[in-house]
Amino acid sequence: SGAALTGYLNSISVDDITSIEIVPSPPSEYDASGNVGIIKITTKKSHSPGLKGFVKGGFMQNSYSSGQASAYINYAGEKSFFECTLLFMDYLQKCTDNYEVLFTNETMVTNNVRKLQNMYMDANLTFGYDFTEKTQWVISLQLPGFNLDKGVDLKNHTDFFSASSEADSSMNTQGSYSKNTYAFNLESFLRYDFGQQSSLTISIGYLDDFSKNLRDWKTSKIALGTHYWDDNCATTGDFRYSILTPQMDFSFPVLHCQAKAGYKLSYISTKANSNFFDLQNEDSQMDSSLSNSFNYRELVNALYFNVSKNWSKWALKIGLRGEYTLVHTSQSRNNKNYFNLFPSFFAGYYPANSHRLTFSYARRIQRPPFSYLDPFRYFISKYNYTEGNPNLRPSFRHNVELTYIYKNSLSCKVYYN
């Protein structure tokens with residue numbers, strides 16, 4: 001998550017960073033999903049022996065006041081190291097949505113102003129041990145504290161207009177929502193160096209995320225100054241997804257070049273249950289026609305190979321990644337299996353230290369996230385809601401980029417997506 005990334009970046013000391021590189025078109029060793037580049041942070045292999053730590057805090061002011069604090073402690077010995085990061089964040093913002101919906105004989109215009117709050121706290125633990133000079137093992141663990149999202153309607157007003165653009169009626173909604181999320185994350189990798197630029201890395205990651213949410217609202221309609229009715233409704237839901245990612249990477253020299261090959265399996269299991277309640281009477285009644293249960297499973301098998309070569313003024317990297325994806329939803333007719341190839345290419349020319357010219361190409365895939373597939377309706381008001389489409393298919397992109405950098409201070413870029 002963004003908060004976890006913030007905590008990690010805050011935990012890195014400037015003295016421990018070797019280099020920071022922006023990779024706009026990631027090579028084939030990285031997942032083909034997404035349409036953004038990566039920030040590659042290379043840290044020093046050896047930690048300074050002893051104990052160190054620090055505490056950081058921050059404050060931000062927009063429509064509301066927000067703040068965050070983090071604490072970091074690290075111990076390094078001759079063969080092992082341990083580090084712990086604690087992060088707390090309380091972020092508030094005002095969000096305004098204005099949209100217009102056109103129907104055949106009617107137009108609906110909505111202005112929705114909300115106050116949003118996210119409170120987050122967790123702990124990240126990392127332990128590493130060097131069995132020998134060639135063998136290293138690292139394990140990291142994210143322990144859930146709490147992650148609370150809250151929102152309240154400051155204004156949620158909708159106007160209805162007839163086909164002749166005359167005001168017909170209006171609707172006011174007052175609602176709120178809350179979402180509690182608990183996430184547990186475990187990652188471990190084992191690396192062995194064979195020497196002569198050859199190494200084997202075996203890693204595994206597991207994420208378990210569980211959340212419960214509540215949305216309630218009350219709506220009233222006014223036409224020609226007359227109050228017609230009130231609706232008092234609520235939705236509850238629970239959402240759980242688990243991700244398992246074993247991976248193996250092998251680096252080795254071949255024909256005076258450096259090659260890298262590997263395999264990765266990604267398994268995602270998602271379950272969601274949502275219930276709609278009518279709160280008109282003292283006893284709440286669940287509306288089964290607006291309630292839903294949705295399950296989603298995705299399995300991606302990926303193989304990749306890339307080869308790179310550096311000369312005095314040139315750098316070249318060519319790669320190919322193949323991914324076979326199996327998708328199953330609770331609607332069996334929406335099961336999908338597909339195979340795709342994702343080539344990548346990078347060339348760099350460095351005539352002098354002050355001049356850098358690079359060209360990159362990569363084919364990418366954008367799979368629809370679970371929230372876009374879930375057919376459950378998230379209600380903003382009685383007639384305004386968002387709804388996923390389980391028939392969505394992935395989209396594909398070709399990213400091409402030509403970049404010139406002068407003295408690491410002036411850059412010019414031409415790109416095509």
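Modeller: The protein chain exposes about 24,200 Å², an accessible area from the Shrake-Rupley method with a 1.4 Å probe. Carbon and sulfur atoms supply 57% of that area. This is a predicted model: local features need pLDDT of at least 70, side-chain atom pairs count only at pLDDT 80 or more, and totals for chains, interfaces and linings use all residues. Residues are numbered from 1 along each chain as its sequence is written, and side-chain values use heavy atoms, with hydrogens and water left out.

The C-alpha atoms fill a box of roughly 80 × 45 × 45 Å along the principal axes. The protein chain has two helices and 20 strands; these are DSSP runs numbered from the N terminus, helices being H or I with at least four residues and strands E with at least two. Of its 417 residues, 35% count as buried, meaning under 20% relative accessible area with a 1.4 Å probe and protein chains only.

Now the cavities. Rolling a probe the size of a water molecule over the atoms shows where empty space is left. Here a cavity is a set of points, on a 1 Å grid over the protein atoms alone, where a 1.4 Å probe fits but cannot get out; lining residues have an atom within 4 Å of a point. Grid points are joined across faces, edges and corners, and a volume is the space filled by probe spheres set on the points. The structure holds two cavities of 30 Å³ or more.

The largest cavity contains about 90 Å³ of space. Its lining has 13 residues. Nearest its centre lie Tyr-296, Val-327, Pro-368, Leu-373 and Leu-392. Strands β13 (292–310), β14 (314–329) and β15 (336–352) each supply at least two lining residues. By class, the lining has eight nonpolar, one polar and four charged residues. Ala, Val, Leu, Ile, Met, Phe, Trp, Tyr, Cys and Pro count as nonpolar, Asp, Glu, Lys and Arg as charged, and the others, Gly among them, as polar.

The second largest cavity holds about 50 Å³. Its lining includes Pro-26, Pro-27, Ser-28, Tyr-30 and Ala-32. Also in that lining are Arg-321, Phe-342, Pro-343, Ser-344, Ala-362, Arg-363 and Arg-364. Two or more of the lining residues come from each of β15 and β16 (355–366). Seven residues of this lining are nonpolar, two polar and three charged.

Key: On a 1 Å grid over the protein atoms alone, a cavity is a set of points where a 1.4 Å probe fits but cannot get out, and a pocket is an open set with protein on both sides within 12 Å along at least five of seven lines; lining residues have an atom within 4 Å of a point. Buried means under 20% relative accessible area, exposed over 50%, partly exposed in between (1.4 Å probe, protein chains only).
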